[in-house]
Structure formats: C-alpha cells, structure tokens
Amino acid sequence: METRFNQMQADEPVLDDLGQAYDELSRDFDNATRTEERVETVRRWDALRRRCSTWQAITSLRFRQDTNDEAAMAAHTRQNEMSPTLTGLDVEFQKRLLASSDRAGLEAQLGAHAFNIWANDVSTFDPCIEGDLVAESKLSTEYTKVIASAKIPFRGETLNLAGLRKFTTDPDRTTRREAVGATYGFMASVGDEVDRIFHELVGLRHGMARKMGCTNFVELGYRRMQRLDYNRDNVATFRGEVLKQVVPLVARLRSLQAERLGVDKIMAWDAGLYAAQGNPKPHGDHDWMLDQAQTMFDEIDPRIGAFFAMMVRR
C-alpha cells in the first residue's frame, strides 16, 4: 500500500540515542580489519543520515505548507535548534573517513568524489558557529513567515503572492499593472521587516565566514553549496559571457515582445505576457495534463513513467 505525503511519518531524532549510534559507528569503523567491513559501516552511517534528513525534509515541508500551524512551527523550531548538532556528528565521522589508513581501499569502493564532498563538508563546520547556524535558521524562518503572511485584497478576493501571479499575465494591461502594483505594495508594507532580516543575516553570515577562516561569506557559501567543480572566478567568466551574449539577445526579444503587445516599452507588468491575446494555455484540464505528462514520460523511458505514476498516486 502506497503512502501519501500527508500520511508520511518520520521520527524526531533523540540526540542522546543518536550520539550513541554515532559512537557505535565510530568504534566499528576503527575496529574493522577489512575494507569491506569499513564500507558496510559507511553504508550504515549513510542510512542513519538519510533517516535524519527525511525527518528534516518532512518537518520543513509541513511548516512551509502552513506557517500558522503551531505544531508544525514548534517542530520546525526544534529542527533548527538540532540541525547544527546533527551536522557536527556527521562532520566528526567524515573526519574519521578522511583520515583512514584504508582511504585508498575505501575510495576504490565508494568513489573519490565522495571523499571530495566529505572534505568540503568538513571545511564548512566548526562547533564555534553552532549558535550562529541556529540564529541563521531562525532568520530564514522569520522571512518565510513574513512572505507567507500576505493577505492582499484584489478584485473582490483576498490573495497571497502566488494567487496574484495569474493576474500578472492577464491580457488586460490595467489588470496586469494593478496586480504587479499590489505585489509591490505588499512588499513595501513589509519592507522594514525584510530589510532588518536581510541586514542581520548578512552580518551573521559574514561573522561565520570569518570564524571559519574565510575572507567573506562568498567563499563559505560556495562550499556550503558543494560547488566542487567550479569557483567564483569561473562564475565571473560566465556572468561576463551572459552580459556579452545573452543580454543583447534578451533585449531584442523584449523589443519583439513590445511589438506583439502593441506597447512602446516593456514594463514590469508586461514582462510575463508574450502574446496580446494571452499566453498559450493547455488544451485540457488538470487530469488531461497529467495524462499527457504520463504519456510523455512513458515514451522517454518506462522507468521514468513508473516513477511519475507513483508521484501522481501519492
């Protein structure tokens, strides 16, 4: 029997029990005499890590589904407070793997890239920033709640930001302008709060980066995103090519869009509309679109089709 998302359960970790589990993994890894035994211990660690990650993901999603749900908020707060401790447990085990005398044998079984990822993860954490990580999560939660608080009166309805979005592509330009204006009006009303959160977050992240030996948060941020195969210099080159190659093309496309819409210049409220009569719409309803998608994925590969069908059922 398949389980739908609202039925999914993931037990909240008990830190004392989790600490004992990691101690056991460390002992078993240190006492192992063969590569195969060490690999099996790593797989047990990965399974434990995945269970914790599942709990974190479900807890976060339920909070984002309804930021006014007090139980979901309480669980999300506990997750934020616990997360640095979980990271610390992982990092200590990763250090053990990186320092293993059997590293060559482990790399042959697990792949060298896994060790690159673990070395990167180790470089992003130190117990001295645990409190900062909790504070960072709290600021992120504050921002989510501020944005989710939108209750915007528009054309006889009370809408959130997502609900307003459909009006920003309406064929009627006045409707589009009013919808964009309502969006910006809400953002202006919470601007001081958003600015405060952003200001505190920038300062907090810069402080963490300095504690970790980085010049600023850019370096630490790249590590946290596990960008191992390119760096800020590569990104700067990419941005330069976007400016050189893509921006002129987009400017031309915007000019053509203005011609199609019959306006002199594309304004913010025009950007999402590509044809004067309205953007293309599906030829059918919700169920029709799911059927079309199922056919497409089945034709690409039966395995992808089966996975999509499972997601639809759940």
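User: A crossing is right-handed if the near helix is turned clockwise from the far one by less than a right angle, and left-handed if anticlockwise. With that settled, in which hand does helix 3 pass helix 6?

Analyst: Helix 3 passes helix 6 in a right-handed crossing. Bear in mind that this is a predicted model.

User: Noted. At what angle do the axes of helix 3 and helix 6 cross?

Analyst: Roughly 150°, and the two axes come within 8 Å. Angles over 145 degrees count as roughly antiparallel, so helix 3 and helix 6 are roughly antiparallel to each other.

User: Which residues in helix 3 meet which in helix 6?

Analyst: On the helix 3 side they are Met 73, His 76, Asn 80, Glu 81, Pro 84 and Thr 85. They meet Glu 130, Leu 133, Val 134, Ser 137, Lys 138, Thr 141 and Lys 145 in helix 6. By class, that contact has 4 nonpolar, 5 polar and 4 charged residues.

User: Next pair. How do helix 1 and helix 2 pack, in angle and axis distance?

Analyst: The angle is about 165° and the axes are 9 Å apart. Helix 1 and helix 2 are therefore roughly antiparallel, and their crossing is left-handed.

User: What makes the contact of helix 1 with helix 2?

Analyst: Helix 1 supplies Leu 18, Ala 21, Tyr 22, Glu 24, Leu 25, Asp 28 and Phe 29. Helix 2 supplies Arg 38, Thr 41, Val 42, Arg 44, Trp 45, Leu 48 and Cys 52. By class these residues divide into 9 nonpolar, 1 polar and 4 charged.

User: And where is Ala 32 found?

Analyst: Ala 32 is in the loop between helix 1 and helix 2. Its relative accessibility is 8%, so Ala 32 counts as buried. Aside from neighbours within four places in sequence, Ala 32 is in contact with Glu 37 and Arg 38.

User: Switching to helix 5. Which residues of helix 5 are buried?

Analyst: Helix 5 runs over residues 112-122, and its buried residues are Ala 114, Phe 115, Trp 118, Asn 120, Asp 121 and Val 122. What covers them includes helix 2, helix 3, helix 4 and helix 10.

User: How do helix 4 and helix 5 pack?

Analyst: At about 110°, with axes 6 Å apart. The range from 65 to 115 degrees counts as roughly perpendicular, so that is how helix 4 and helix 5 stand to each other. Arg 103, Leu 106, Glu 107 and Leu 110 of helix 4 make the contact with Ala 112, Ala 114, Phe 115 and Trp 118 of helix 5. That contact has 6 nonpolar, no polar and 2 charged residues.

User: Helix 10 came up. Is Val 218 there buried, exposed or partly exposed?

Analyst: Val 218 lies in helix 10 and counts as partly exposed, because its relative accessibility is 33%. The C-alpha atoms of Val 218 and Ser 189 are separated by 30 Å, at 29 residues apart along the chain.

User: Backbone check. What is phi of Arg 155, and what is phi of Gln 226?

Analyst: Phi is near 50° for Arg 155 and near 55° for Gln 226. Both values are positive, in residues other than glycine. Most residues other than glycine have a negative phi. Arg 155 is in the loop between strand 1 and strand 2, with a relative accessible area of 47%, so partly exposed. Gln 226 is in the loop between helix 10 and helix 11 and is partly exposed at 38%.

User: Last one, overall. What radius of gyration does the protein chain have?

Analyst: The protein chain has 25 Å, whereas a compact globule of 314 residues would be near 20 Å. The C-alpha trace spans about 75 × 50 × 45 Å along its principal axes. The secondary structure comes to 13 helices and 2 strands, and 34% of the 314 residues are buried. Of the contacts between residues at least 6 apart in sequence, 61% join residues at least 24 apart.

Note on methods: Residues are numbered from 1 along each chain as its sequence is written. This is a predicted model: local features need pLDDT of at least 70, side-chain atom pairs count only at pLDDT 80 or more; totals for chains, interfaces and linings use all residues. Side-chain values use heavy atoms; hydrogens and water are left out. Buried means under 20% relative accessible area, exposed over 50%, partly exposed in between (1.4 Å probe, protein chains only). Helices (H or I, at least four residues) and strands (E, at least two) are DSSP runs, numbered from the N terminus. Contact means heavy atoms within 4.5 Å. Axes are lines fitted to C-alpha atoms, for helices over the stretch in contact, and angles run from 0 to 180 degrees between N-to-C directions. Angles under 35 degrees count as roughly parallel, over 145 as roughly antiparallel, 65 to 115 as roughly perpendicular and the rest as oblique. Ala, Val, Leu, Ile, Met, Phe, Trp, Tyr, Cys and Pro count as nonpolar, Asp, Glu, Lys and Arg as charged, and the others, Gly among them, as polar. The radius of gyration is taken over C-alpha atoms; the globule rule is 2.2 Å times the number of residues to the power 0.38.
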